[in-house]
Amino acid sequence: KLFFARRSKVAGCGMEALANRLETLQAQVEELSHKLTSELAQVKAGVTDIKDGLSAPGPARVEWRIENVSYLMKEQSMWSPFFDASGLTDLQLEFNPTGGNMEGYCSLYFWCTPGSTVRYHLFVGDHHRPVETDEFVNPVGQGHCNFCSLEAEHDRSTDSITVGVVIEEVISRPRRGDGITVTPLSVDSVVARSLEVQQNMSVTRVEWRIKNMAERISRTKHGCSLYSPPFTAGGGEELWL
């Protein structure tokens, strides 16, 4: 009886310790939930000034769909309609189907309001460039003359190509038209990206699987690079391969 009494007492202590641990974990979860709710409310408060479907201070993705790519004038720039995004006005994209000095490569430039400093990245089809930070001092577009292979990103089923810019942040700031679609990045996506950084804090290995490699090699000129989609790992944000 003494033996079983001792076991019962030890078991009781173990259950009490587990109960205390569970109570502590529940308190930590509630505290974290309250903190995230508070941070989400602060983020939402910063993007409530919405005009014409755009979040004035927040990030935005702008897409310009260009039709009849097969009939485009060679070595001649095309200009998107003017558009507003992220609190900036009179923005424009410049696309040249054969503007690069490398055969088969296209050019893309972002024209922004002079006096602005913007953190952004450009894309043509599925080909994205890394995030850049540029100061637009004069009315001159920023971008790349040898952006990527036009043929690799040309959607032949619709004879179209989609180019654009993702405005990550407007560091300093001083009419849309047909063919322009501006999609504000949601508050939830911004919060989700912050949470992703925390979740991937312990990640030390990242793999990038590249599809259709033979075709990409055949269309990529010597000295030009491919870029992975952005990812988070080890506490870093907007990492690229």
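**Rings and burial**

Author: W208 is placed in the loop between helix 3 (187-199) and helix 4 (213-219); helices (H or I, at least four residues) and strands (E, at least two) are DSSP runs, numbered from the N terminus. This is a predicted model, in which local features need pLDDT of at least 70, side-chain atom pairs count only at pLDDT 80 or more, and totals for chains, interfaces and linings use all residues. Residues are numbered from 1 along each chain as its sequence is written, and side-chain values use heavy atoms, with hydrogens and water left out.

Reader: Why is W208 called partly exposed?

Author: Buried means under 20% relative accessible area, exposed over 50%, and partly exposed in between (1.4 Å probe, protein chains only). The relative accessible area of W208 is 31%, so W208 is partly exposed.

Reader: Why is the pair of F110 and Y120 called tilted?

Author: Rings of Phe, Tyr and Trp (its six-membered ring) pair if their centres lie within 6.5 Å; planes under 30 degrees apart count as stacked, over 60 as edge-to-face and the rest as tilted. By this rule there are four aromatic pairs. In one of them, the ring centres of F110 and Y120 are 5.3 Å apart and the planes stand at 55°, so the pair is tilted. Both F110 and Y120 are buried.

Reader: What makes Y120 and F136 a tilted pair?

Author: Their ring centres are 6.2 Å apart and their planes are at 45°, so this pair is tilted. Y120 lies in strand 8 and F136 in strand 10 (residues 132-136), 16 residues apart. F110, Y120 and F136 form one aromatic cluster.
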